[in-house]
Amino acid sequence: MEEEGSGASDAVDLDEALEMVGGDMELLQEVVAVFLEEDYPRQLAALKEGLAGDDAKTVGDAAHGIKGALASFGGRTGYQVALKLETMGRSGTLTGARELALRLESEVSRFAAFFAQVEAG
Amino acid sequence: MSAKRILIVDDNRSLVTAAQRILQKAGFEAMTACDGSEGLTKARAEKPDLVILDIVMPGLDGYDVCRALHKDPATADIPVLMLTVKGQANSPSGAREKIDGFDAGAVDFVSKPVKAKELVDRVNALLWLA
């Protein structure tokens, strides 16, 4: 298992994230805010609901959505965790999925902290 | 000449917002829809020049929307670019998804995450071919 970072600095590949939005930092911050404030709370709630109900499809779909945004906005470590969770959901086997979901939550927190630091300058 | 009109359909609001802003900066008129049903309604009402469509969405997925667009004579000629994480050329599931997408009526695929330049270039190429 790969090492998780402790701070926020390695949670995001900023160069890659900027390439996705044509180098526009203002746009990047805007869409990251949309992810953190609108998409992610809904997707995390669905993920938890899927885990509580042992519903692998719901888990896979929720992880898929989180993965897509993290991949697009440079969240490389969170992306890897979301990908594993999505694969579990698609395979129908949720053994260890709760632990992975906790890790994903922690990775998204680091992702959010990174962009909060960027915004603070 | 008026701006070409693009409809982007994706249930991730952050991704749909990013694509909308990128296409607007490139001179397109970009509209958005956040699920398949809304996408179908907007496509029928607005008759865009191109639809960019995510595959995995709750309710009507990208294949359903694409099939519905191509069954309706009013929208059958609108080219559809499918936008998917899974459509990686080197993955077996991606290859299958592409075949399913082409069967549903898509004209091309682009894999997420998509860089701004690739998105704009792909849209320009499809509009030029249309």
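Me: Helices (H or I, at least four residues) and strands (E, at least two) are DSSP runs, numbered from the N terminus; with elements named in this way, in which loop does Pro113(B) have its place?

Reply: This is a predicted model, in which local features need pLDDT of at least 70 and side-chain atom pairs count only at pLDDT 80 or more, while totals for chains, interfaces and linings use all residues. Residues are numbered from 1 along each chain as its sequence is written, with chains lettered from A and ligands numbered from 1 in the order in which they are written. The peptide bond that leads from Lys112(B) into Pro113(B) is cis, with omega near 0°. The place of this proline, Pro113(B), is the loop of chain B between E5 and H5.

Me: What is the order of the strands in the open sheet of chain B?

Reply: Two strands are taken to pair if DSSP finds at least two bridges between them. Strand E1 (residues 5–9) of chain B pairs in the parallel sense with strand E2 (residues 29–33) of chain B over 5 bridges, and E3(B) is joined to E4(B), also parallel, by 4 bridges. Strand E4 (residues 80–84) of chain B in turn pairs with E5(B) in the parallel sense over 4 bridges. The open sheet has 5 strands with parallel pairing, in the order E2-E1-E3-E4-E5.

Me: Which strands stand at the edges of this sheet, and why is one side of each left without a neighbour?

Reply: The twist averages 20° from one strand to the next across the sheet. Each edge strand has a single partner strand, so one side of it is left without a neighbour in the sheet, and the strands in this position are E2 and strand E5 (108–111) of chain B.

Me: Is E4(B) largely enclosed or left open by the rest of the structure, and why?

Reply: A residue is buried if 20 or more other C-beta atoms, placed from the backbone, lie within 10 Å of its own, exposed if 12 or fewer, and partly exposed in between. Val80(B), Met82(B) and Thr84(B) point one way from E4(B), Leu81(B) and Leu83(B) point the other way, and all are buried. Because 5 of the 5 residues of E4(B) are buried, the strand is largely enclosed.

Me: At about what angle to E2(B) does H1(B) run?

Reply: Helix H1 (residues 13–25) of chain B forms a right-handed β-α-β unit with E1(B) and E2(B). Angles run from 0 to 180 degrees between N-to-C directions, the axes being lines fitted to C-alpha atoms, for helices over the stretch in contact, where contact means that two residues have their C-beta atoms, placed from the backbone, within 7 Å. H1(B) lies across E1, E2 and strand E3 (50–54) of chain B, and its angle to E2(B) is about 170°.

Me: How many C-beta neighbours does Gln20(B) have inside 10 Å?

Reply: Gln20(B) is found in H1(B), and, with residues up to four places away in sequence not counted, it touches Ile8(B), Ala30(B) and Thr32(B). Gln20(B) and Ile8(B) are 12 residues apart in sequence, and their C-alpha atoms are 7.2 Å apart in space. Gln20(B) counts as buried because its number of C-beta neighbours inside 10 Å is 21.

Me: Which residues touch the most other members of the largest nonpolar core?

Reply: A nonpolar core is a set of buried Ala, Val, Leu, Ile, Met, Phe, Trp, Tyr and Cys residues joined through C-beta atoms within 7 Å. Leaving aside neighbours within four places in sequence, the contacts of Val51(B) include Leu7(B), Leu69(B) and Val80(B). Of the 69 residues in the largest core, those that touch the most other members are Val51(B) and Ile52(B).

Me: How many other C-beta atoms lie within 10 Å of Asp54(A)?

Reply: Asp54(A) has its place in the loop between helix H2 (25–52) and helix H3 (56–72) of chain A. Its phi is near 55°, a positive value in a residue other than glycine. Asp54(A) is exposed, the number of other C-beta atoms within 10 Å being 10.

Definitions and conventions. Right-handed = clockwise from strand over helix to strand, strands pointing away.
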